[in-house]
Amino acid sequence: MSSWRESLTSLPGAVAQFVNDSASSASSYLHSQSCTSTTGSEESAPQHTDYKALPIPASLVKEQWRLIFTSDANIQDLQAAIAHCRDLVLLSDECSEERRWLVRHLVDLRYSLQELEEAQSLARNDDDVVVMNAIKSVVGHHFVPHYPSTRNRLQAAAKRFYCDHCTGIIWRVVQAAYICSDCGYLVHQKCIDSVQRVCAHVLASERQYPIAEICPEIGLSEQRYKCAECSTLLNFKNSWIEPRLCDYRGRYYCPSCHWNDNCIVPARIVHNWDFTPRRVSRTGLQEIQLFLNKPLIRLEEENPKLFVFLEKLCAVKKLRQNLIHMRHYLAACKLAVEQKLVEQQLAGRRHLVQSNEFYSLQDLIQAESGALADFLQSVFKVFGAHIRSCDMCLAKAYICEICSNNEVIFPFDDGCIKCDQCNSIYHRVCLTRKNMICPKCVRIQERRLQLDRARSKTEDEDNAIDSAEPVQPTDSQ
């Protein structure tokens, strides 16, 4: 394996130049096609060639030469652009497209300035260090050098990586590549300044929730027969470019922006409990992957009938409710806190024991396969073993006062029920014999009635005494 790798690294310079020229020619051909399609379109707002993120608002086109720079800008240019962009933010209207675009661009400029200052300070400390932007901020992306995993060299060499911008192969031996640390957008080094797609992490942060409609399609006519991302014409005017529908976003894309990736669609899971993979665009795929482990879905509120027809969801809901009761015991137990029992069992899924309302996409996938119920059952056993063996937790147990049995019971036991008014715990069978009337609530109600009677009796006596006192006559002069 090492000899094979050494032979690759010892390729003549002519071969490396040939690979680079081939990739460059393919990229230029794709861009020429998109540019040709764009020039043939109808009315279109002028756009800067170096910055094609969100289309710049028409009201800011005349300011773009003071706001937009490529990755070779210096500190003075970035500082001037930041000051001007900040002034425009204050002058723009609230919740307008102009302010939205300016705030995004201001964040990118400040991030680029910070990276450039850190690189120059590092170069001043070490004269041998070559100043280069290890991290590049473009259109909300934070690009870092891409180094594939070297654990298995054979698999790393056999796996192909493709540029998300030009769709060309990234030849790892002779070509440098960058990847966004937020959304996983992979790109050639030469394609960084031409990136058009806004970072999916920025879109997900602004939306804060997956698209709730099932394939909200608007049609090619509403898109003016253009790709929803790069504005490439999707018609027969110059050449046929296949329009591909994204089942998540409901928009049509060109083959460069839609690679026919298959992925589950959150809206179809919530409304139809449908886990069939659908074809989505590259930006839709990255956005779904960002939402995958975030507990944002109120499933019972969005579609309560799922819990009626799916027994597996009812079992998950019951287990989560029991774990919530257990968490109250463990949070008050000094021994459990010292052992970090909750953190060890749940790690990054503490939302499962904090409430039974929120689910992540990964939770729903595991609920369908049964893995979530098995995971919760294992956690339930560990928590229950601690609570029943810990003296501090046992001291907070309950005894059913209806049957007066000496057996201690907990709110998470299967045969027990909790009173919603006074939080007392009883055997379900015992409370059923009492017609679901809580004895403690009855005592509390009787005590309140006695206090009210005593208070009213005292008030009547005070009023009687006040009325029995003679009224002193007043002397009139």
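Predicted model: local features only at pLDDT ≥ 70, side-chain atom pairs only at ≥ 80, totals over all residues.
Which residues form a nonpolar patch on the surface?

**View 1. A nonpolar patch on the surface, formed by Trp 171, Val 173 and Val 174.** Look for Trp 171 in the loop between helix 6 (153-158) and strand 3 (177-180). Trp 171 has a relative accessibility of 41%, so it counts as partly exposed.

**View 2. Helix 9 (residues 282-291), largely enclosed by the rest of the structure.** This description applies because nine of the ten residues of helix 9 are buried. Among them are Arg 282, Gln 286 and Glu 287, along with Leu 285, Ile 288, Leu 290 and Phe 291. The cover over the buried residues of helix 9 includes helix 7 (200-207), helix 8 (266-272) and helix 16 (361-369). Strand 6 (252-253), strand 7 (261-263) and strand 8 (278-280) are also part of that cover.

**View 3. The largest nonpolar core, with 79 residues.** Phe 143, Val 187, Trp 273 and Leu 299 touch the most other members of this core. Helix 12 (residues 311-332) gives the most to the core, contributing seven residues. A second, separate core has 14 residues, including Ala 81, Leu 88, Leu 102 and Leu 106.

**View 4. Helix 12 from end to end, a run of 22 residues.** From first C-alpha to last, helix 12 reaches 33 Å, close to the 32 Å expected at 1.5 Å a residue. Its buried residues include Leu 313, Val 316, Leu 319, Leu 323 and Ile 324. Arg 320, Asn 322 and His 325 of helix 12 are buried too.

Note on methods:
Residues numbered from 1 in each chain as written. Heavy atoms only, no water. Patch = residues over 30% accessible without salt bridge, like charges linked within 9 Å, V, L, I, M, F, W, Y side chains within 5 Å. Areas by Shrake-Rupley, 256 points an atom, 1.4 Å probe, with all protein chains shown as cover. Salt bridge = Lys/Arg side-chain N within 4 Å of Asp/Glu carboxyl O. Helix = DSSP H or I, 4+ residues; strand = E, 2+ residues; numbered from the N terminus. Buried < 20%, exposed > 50% of the residue type's maximum accessible area, 1.4 Å probe, protein only. Contact = heavy atoms within 4.5 Å. Core = buried A, V, L, I, M, F, W, Y, C linked by side-chain atoms within 4.5 Å. Expected span 1.5 Å × (residues − 1).
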